[in-house]
Amino acid sequence: MASAAEIASQARRTEVRDRWLLSAPALLIIFVAAIGPLFVMLAYSFMVKGDYGDVKFGQYSLDGWFSVFLQRDIFDDTLTFADAHLSIFWRSIKLSFLTTVSTLLLGFPTAYFIATRPRHTREIWVFLVTIPFWTNLLIRTFAMQQVIRNEGIVNSLLRWVGVIDEPLQIMHTDWAILFGMVYVYLPLMVLPLYASMEKLDFRLVEAGYDLYAGRLQVLRRIIIPLVSPGIIAGSILVFIPSLGAYVIPRVLGGGKNMMLGNLIELQFGAGRNWPLGAALSITLMVLVMVALLFYVRNASRSGATHG
Amino acid sequence: MTLKLKAALAAMSIFAFAGSAAAEGELNIYNWGDYTSPELIKKFEDTYKVKVTITDYDSNDTALAKVRAGGHGFDIVVPSANYVPIWVKEGLLLEARPDQMENFKNVDERWVDVPWDPGRHYTVPWQWGLTGIGVNKKVYSGDANTSAIFLDPPAELVGKINVAPEMNDVLFATIKYFGGEWCTDDKELLKKVRDKLVEAKPKWLAMDYSVTEKLPAGDYSAVYYWNGAIMRSRLANPDIAIGYPKEGFPFFMDSIAILKDAKNTENAKLFMNFIMEPENAALISAFAKYANGIKGSEQFMPAEMKDAPELVIPAEFQGAGEFLTTCAPEVSELYTRIWTDVNK
Amino acid sequence: MARRHFEIRTQPGFGLVALFTFAILYLPIAVLVVYAFNASESVTVWGGFSVKWFAEAWNNSAVQDAAWRSLVIAVFAAVIATFAATMAAIATTRTAPYPGQGFQYAFINQPLMVPEIVTAVALLIVFSRLKVWTGYSGLGWLILAHTAFCIPFAYLPIRARLEGMDLTLERAAADLYATPWQAFRRVTLPLLRPGIIAGFMLAFVISLDDVVITEFVKSGGQDTLPTYMLGQIRRTVTPEVNAIATAFLALSIILVTGFFLINRRKT
């Protein structure tokens, strides 16, 4: 006769197995078409670079990794930090962070607004958020360019109102990249935020007011903690693609200031240094993963206190 | 109903094997985007009853990486001059011997014994051009025939310059500006090159591809860019004029070649021969606005192209032009580092 | 208790910000649509009203093929990804931590952590070998690649929805002798629907958008609209591109509106 404890542990095992089976299709697809190939990439980062791109198979070297952080000066052979790479890393992190914060500042009220519409109109609002994104990224980026260029709408409007005399040079600056990324990634923030706000229980909000909390307090102590899974999901969805953005800096930034995506592309393209490209990519991945783990751990800890 | 039908067709197309699709009467061209005249393709299809498929790429390196990896299904590719030796060295091209084809007699002698394919055993000229200066005469009326326009820009052009985002073209002009040779590894000279570029870059507005829009519209007042685009800009705004850097400027030529693992070799050869016909070569130029290498094609070209200042290089500057060649791997690495330094 | 003299749901200024957000979202789109009707060859200088670019796009078979291909890939990838992501989201939430849960979470979100160019080159290397071995080089590879990077986009909103969705209702269903499938079908799924719709839409849009991975994975004759347009950047962009985008936009709006209407009638 099995004891109650044994039955329970048996049931638990079955449950765990079922959960693995249920996630198997997703895991399998991602393994074949995303993670598996990255092992090839990892291997490439330890190989000798081929003369015209690619790598020399079977010849190993740490050069790729070495040149991520350090470089021999081209001219006097002294060993220095690869400050070109580091400043590109820094610019990418800075712009992606600003993008995330801006989309959150715009997206949170928007998602809240949608979630507080009458039930039957909410889907229409969500639909309105997604419509601009049924056109592809390149077209949207071009369209954004029409809005912010010197002879574009924003400048014409500002001049017409009389705020400025000379057009603001937005195109081809970091501002253009920031605007472009905020515009392109906004729905990636709004949609998950909405998904978790939609099920917000307003009785809790009411209870807050009953206890004489102010609007700000209710927002800070009740609403934000309750929708924190949405905030996390949205921030992840915006931050990471921003970090690897390639098309937007190229079109709106005028290609003058590289971001990580462009630097990596250069190594796989005209730079013909695949091991360095691979090592840079893996460095970026590790950075992102560390940030993510830190974030998720913190969030789940603070989430736990709100049940 | 139609939607269902279409979905079914789509589903079928997904599971159809490419092998069975490679029947007779097909040709798969892998070319730069927006570079292949649809008229030319239509004419070829009608003449030879061949179905042509065109797929685009946007950089030499993407094309190279893809074809080298295999499983691509292309027959014809159109690499730039400085890449042709790499393609040959990596064993990717078929030695199709276009020099023995019927229409080879039409190829301008100038383009037969080229350094990247001596005697034309592999490739046939598609289009050629150069990277030069374009200025808006209303903004700047001085001498435009110098790389100083973007390396030491005159005050009126500062902050209004666009430079092609092409590592090789930019380094070429800068090395020549200091009197060096392309592919040099002279560190002292390269240090000057880097420092000059680092100093000049803040004076540029952009490094972008959108010249035909923004040069005529006035967003840019000067560019270092391809001549075809400068011509199109002039056609849109007569104030635009071309300049040929006297210190030295790079030529480019894209040539078509047949891939070693092509499935439709015979059709590819037919196509090679076909584009050496002057009337057909003219179609290529009329579409993309660059010169081709075929004698007698001028008479079939649109009037605006016949003596365009962007296509007919003045005699005094002809010596300043030089083809970008393939540099040794160590030298390319050096150049990439300089380029990264400039773009950080 | 006295009636509160304000609506507890509103937060001051939020409506205004929302309005601003919608303005930002639609301004570029409006410009795009307006210039699709431009008579001149420019996407920046207005030259009068004309529909010629629509005619031009309509007659451009390369554009038509590319647009249709983009749509097919996006539909397949988004549907498969949403299915897989929903299953995975249900598996990885609302349970005591079990061995491998964190691993699964990291695994599923992994495509988000890699810049596209890296995945693209890695896929080029691996898939081209597979193409040679299997002799198959159809659209399936593109769909597979797209599905993989669509899964996390579908997964995150569904998971966000599931998390904190309380188990009471499902327990109640179980108490009323519903089978697990019935409980899922009648209780969990309807509650989950907004998350699934958001996930599907994200996945669809992300697939439609992709340039870099497609560029590297595509075989001969497999240009999608974005890769077709990427090839055009070097030369010049004519309003034809705007016309295509406008047509695409109109088509998607019709499709999605239809989907919503049908859906609403059912519920």
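This briefing goes through the chains, their contacts and a few selected elements of the structure above.

The model is predicted. Chain A and chain C meet in a contact that takes 81 residues from chain A and 86 residues from chain C, while 31 residues of chain B are in contact with 23 residues of chain A.

**Chain C**

- Running from the N terminus, the elements of chain C follow the order α-α-α-α-α-α-α-α-α-α-α, and the C-alpha atoms of this chain fill a box of roughly 65 × 65 × 35 Å when taken along the principal axes.
- Of the 267 residues in chain C, 54% are buried.
- Among the contacts in chain C with a separation of 6 or more, 77% are between residues 24 or more positions apart.

**The largest nonpolar core**

- The largest nonpolar core holds 281 residues, and those that touch the most other members are A:Tyr194, C:Leu123, C:Ile151, C:Ala154 and C:Ala203.
- If neighbours within four places in sequence are left aside, C:Ala203 is in contact with C:Ala77, C:Ala78, C:Ala81, C:Thr82, C:Cys150, C:Phe153 and C:Ala154, and C:Ala154 is itself one of the residues named above as touching the most other members of the core.
- As general background, nonpolar side chains tend to be buried together in soluble globular proteins.

- In the contact of 81 residues from chain A with 86 residues from chain C, helix α1 (residues 4–45) of chain A gives the most to the side of chain A that touches chain C, with 19 residues.
- By class, that side of chain A comprises 60 nonpolar, 13 polar and eight charged residues.
- A:Leu28 and A:Leu191 are 163 residues apart along the chain, and their C-alpha atoms are separated by 26 Å.

**The contact between chains B and A**

- Where 31 residues of chain B are in contact with 23 residues of chain A, the elements α4, α8 (187–200), β8 (204–206) and α15 (329–343) of chain B each supply at least two residues of the side of chain B that touches chain A.
- Helix α15(B) gives the most to this side of chain B, with 10 residues, and the residues of the side divide into 13 nonpolar, six polar and 12 charged.

**Helix α4 of chain B**

- Helix α4 (residues 60–69) of chain B is mostly covered, with nine of its 10 residues buried, namely B:Asn60, B:Asp61, B:Thr62, B:Ala63, B:Leu64, B:Ala65, B:Lys66, B:Val67 and B:Arg68.
- Within chain B, the buried residues of α4(B) pack against β1 (26–32), β2 (51–57), β3 (76–77) and α5 (84–89), and they also pack against α5 (116–134) and α9 (212–217) of chain C.
- B:Gly70 follows α4(B) and has a positive phi, near 90 degrees.

**Strand β6 of chain B and its partners**

- Strand β6 (residues 123–136) of chain B is mostly covered, with 14 of its 14 residues buried.
- β6(B) pairs with strand β11 (residues 249–258) of chain B in the antiparallel sense over seven bridges, and B:Gly129 stands opposite B:Phe252 in β11(B).
- With strand β9 (residues 222–226) of chain B, β6(B) forms an antiparallel pair over five bridges, in which B:Gly132 stands opposite B:Tyr225.
- The pairing of β6(B) with strand β10 (residues 240–243) of chain B is also antiparallel and has four bridges, with B:Asn136 standing opposite B:Ile240.

How values were computed:
Residues are numbered from 1 along each chain as its sequence is written. Chains are lettered from A and ligands numbered from 1 in the order in which they are written. This is a predicted model: local features need pLDDT of at least 70, side-chain atom pairs count only at pLDDT 80 or more; totals for chains, interfaces and linings use all residues. A residue is buried if 20 or more other C-beta atoms lie within 10 Å of its own, exposed if 12 or fewer, and partly exposed in between; C-beta atoms are placed from the backbone. Two residues are in contact if their C-beta atoms, placed from the backbone, lie within 7 Å. A nonpolar core is a set of buried Ala, Val, Leu, Ile, Met, Phe, Trp, Tyr and Cys residues joined through C-beta atoms within 7 Å. Ala, Val, Leu, Ile, Met, Phe, Trp, Tyr, Cys and Pro count as nonpolar, Asp, Glu, Lys and Arg as charged, and the others, Gly among them, as polar. Two strands pair if DSSP finds at least two bridges between them.
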